[in-house]
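Subject: Structure handover

Hello,

Here is the structure that I am passing on to you. My notes on it follow below.

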Amino acid sequence: MKIEMENQLFGIATICMCTVVFYLSLKSYQHKNFDRAILLLLLGGLILRVFISTDMYLHHWDERYHALVAKNLMKNPLKPMLYDLPLLDFDFRDWSRNHIWLHKQPIPLWIMAASLKLFGVNVIALRIPSIFLSLVGVYCTYNIGKILFSRKVGFIASFLSAIHGLILELTSGRIATDHIDVFFLSFITISVYFGLKFASSKKIVFNILCGFFMALAILSKWLPAMIIFPIWFLGMLQFKNFTWKQLSIHFTTLLIINIILVLPWQLYIYYHYPLEAQWESSFNFKHLTEALQGHGKPFYYHFNRMRIIFGEIIYLPILWILYKAISTRRPYKYYLLLIWIFIPYLFFSFAKTKMQGYIIFTAPAFFILTGIFISALPVLLSRLNLSYLKLVVVIAFIGLPIRYSIERLKPFQKKSRHQSWIANLIQLEDKKNSKQVIFNTKYPIEIMFYSDIIAYEALPSNPKLRELYDQGFSIIIDQHQSLPDEVKKLEFVEIVSLHTVQ
């Protein structure tokens, strides 16, 4: 109970600190100290990310799998593995129990592996890259809004990015698709930023960086990163700095950079792990044609979730920007935001498998869209003789995301940030014997991350247990559920109770 109260006090302190920091950021902006304003805004975003990321255990979906593969990549960066040493038969098509693990592209896993190598194998080290990259995304969102529209639009958009509830949960690994989607979102945002810097400045280095981070996005979550191509093109049209011939050359450069950086890994895995690579390729395609793993949702699922993720009145600025795109003489910047939102939304709406994290890389466009709408409110409402509603509308557009953020953070919830069974596991591990295996356990993936013990949820046959024992393995069985009497009678088996607590 004391630990649970400490979590609640930590949450209250976090909300108080962030309130002060964001207020100081706003005051700095109002006094035109823009650098200080954005630094304070990033500090507030960091405080929120540290709070939500300090659950001292791996989350069930999907963080634990990414964590274990990242840990194994420390040994061999070119051989992604879930089970480093599989002792039981496995199906290479089952990404939750197999050996070679190609279920995700490599960049997020490599970066998490580097963080584990640098800071030690622990959950905080695992989450540091997501915390850092999501903050870089906040900064780039500010700059995208500033380049396309105004500093005010960028500031509002970056604030919404800093506090966004779903991004915070993904950053912490609390929900499915976790760090992979944070990396993807961040690389998309960074790439768009450099693309717009190139469009506005004509400095070729920015186009190279745009292509580089686009390639990192592809190597994080594959082909949805292609959304950058139409965004890049519309950015070029917005600033009118290039002839059509120059555009063709620079687009080709962008394409070549991606081919050079992305293709080698695809060829490598098809050569070294052809069965797994072919299966994962077909499995990715099945997301479009089949409702996989219980994630079948109706066509309108993402459009309905839009109001929950970005605020219930988000549809209003969408209608407004559609009008602006039609009525404005040079509407390319509005088209850019609409393309960034609607192509992914339509694509993933037609896909049979649907999860809320799939469209999170559209978030910067929503934040900028909200910033534009809030900035335009005084003129818009005065034309409608509704100027008195300005404060109410602004509060709604800012207040709803804040409410959503608090709901996701759960800062006032009494809960433990620790799992007691992890301490039991550390005591159980024999550092002198690397050949330990535990069966019949509830959390095998977590056990293999926290220790060097091989772990399985299944309980194999007695002959298989004897075979492993004869090979020099220490056999441990977790008694989290009743065991057959013939297993209890085996003299070479150690029966323990880790008392797994979620």
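A contact, in what follows, means heavy atoms within 4.5 Å. Ser115 is part of helix α4, residues 107-119; helices (H or I, at least four residues) and strands (E, at least two) are DSSP runs numbered from the N terminus. Its relative accessibility is 6%, so Ser115 counts as buried. Buried means under 20% relative accessible area, exposed means over 50%, and partly exposed lies in between, with a 1.4 Å probe and protein chains only.

Some conventions before the rest. This is a predicted model, in which local features need pLDDT of at least 70 and side-chain atom pairs count only at pLDDT 80 or more, while totals for chains, interfaces and linings use all residues. Residues are numbered from 1 along each chain as its sequence is written, and side-chain values use heavy atoms, with hydrogens and water left out.

Overall build

The chain has 21 helices and four strands. Its radius of gyration is 25 Å, close to the 23 Å that the globule rule gives for 502 residues, so the chain is as compact as a globular protein of that length. That radius is taken over C-alpha atoms, and the rule is 2.2 Å times the number of residues to the power 0.38. The C-alpha trace spans about 85 × 55 × 40 Å along its principal axes. Of the contacts with a separation of 6 or more, 71% are between residues 24 or more positions apart.

Surface and core

Buried residues make up 54% of the 502 residues. The chain exposes about 22,400 Å², and carbon and sulfur atoms supply 64% of that area; accessible areas come from the Shrake-Rupley method with a 1.4 Å probe, and for residues only the protein chains shown count as cover.

In soluble globular proteins, nonpolar side chains tend to be buried together. A nonpolar core here is a set of buried Ala, Val, Leu, Ile, Met, Phe, Trp, Tyr and Cys residues joined through side-chain atoms within 4.5 Å. The largest one has 167 residues, of which Phe187, Ile188, Phe310, Ile438 and Ile475 touch the most other members. Helix α8 (residues 178-201) gives the most to this core, with 13 residues.

A search of the whole structure finds 41 aromatic pairs. Rings of Phe, Tyr and Trp (its six-membered ring) pair if their centres lie within 6.5 Å; planes under 30 degrees apart count as stacked, over 60 as edge-to-face and the rest as tilted.

Trp232 and Phe251 have ring centres 5.7 Å apart and planes at 55°, so this pair is tilted. Trp232 lies in helix α10 (residues 228-239) and Phe251 in helix α11 (residues 244-272), so the pair ties together parts that are 19 residues apart in sequence. Trp232 is buried at 3% relative accessible area, whereas Phe251 is partly exposed at 31%.

The rings of Phe303 and Tyr345 also form a tilted pair, because their centres are 5.4 Å apart and their planes stand at 55°. Phe303 belongs to helix α13 (residues 301-310) and Tyr345 to helix α15 (residues 332-350), so parts 42 residues apart in sequence are tied together. Phe303 is partly exposed at 22% relative accessibility, and Tyr345 is buried at 0%.

Ring pairs also link Phe183, Phe187, Tyr193, Phe194, Phe206, Phe212 and Phe213 into a cluster.

Two lysines sit over rings. The charged end of Lys202 is over the ring of Phe242, 5.7 Å from its centre, and that of Lys297 is over the ring of Tyr301, 5.5 Å from its centre. A charge sits over a ring if NZ of Lys or CZ of Arg is within 6 Å of the ring centre and within 35 degrees of the ring normal.

Backbone and loops

Most residues other than glycine have a negative phi, and most peptide bonds are trans. The peptide bond from Trp61 to Asp62 is cis, with omega near -15°, and Asp62 is in the loop between α2 (34-52) and α3 (63-73).

Lys32 has a positive phi, near 65°. Lys32 is in the loop between α1 (2-30) and α2, and at 63% relative accessibility it counts as exposed. Asn440 has a positive phi of about 65° and is found in the loop between β1 (436-439) and α19 (444-450). Asn440 is buried, at 3% relative accessibility.

Gly472 is in the loop between α20 (462-470) and β3 (474-478) and is partly exposed, with a relative accessible area of 40%. The C-alpha atoms of Gly472 and Leu336 are separated by 62 Å, and the two residues are 136 residues apart along the chain.

Regards
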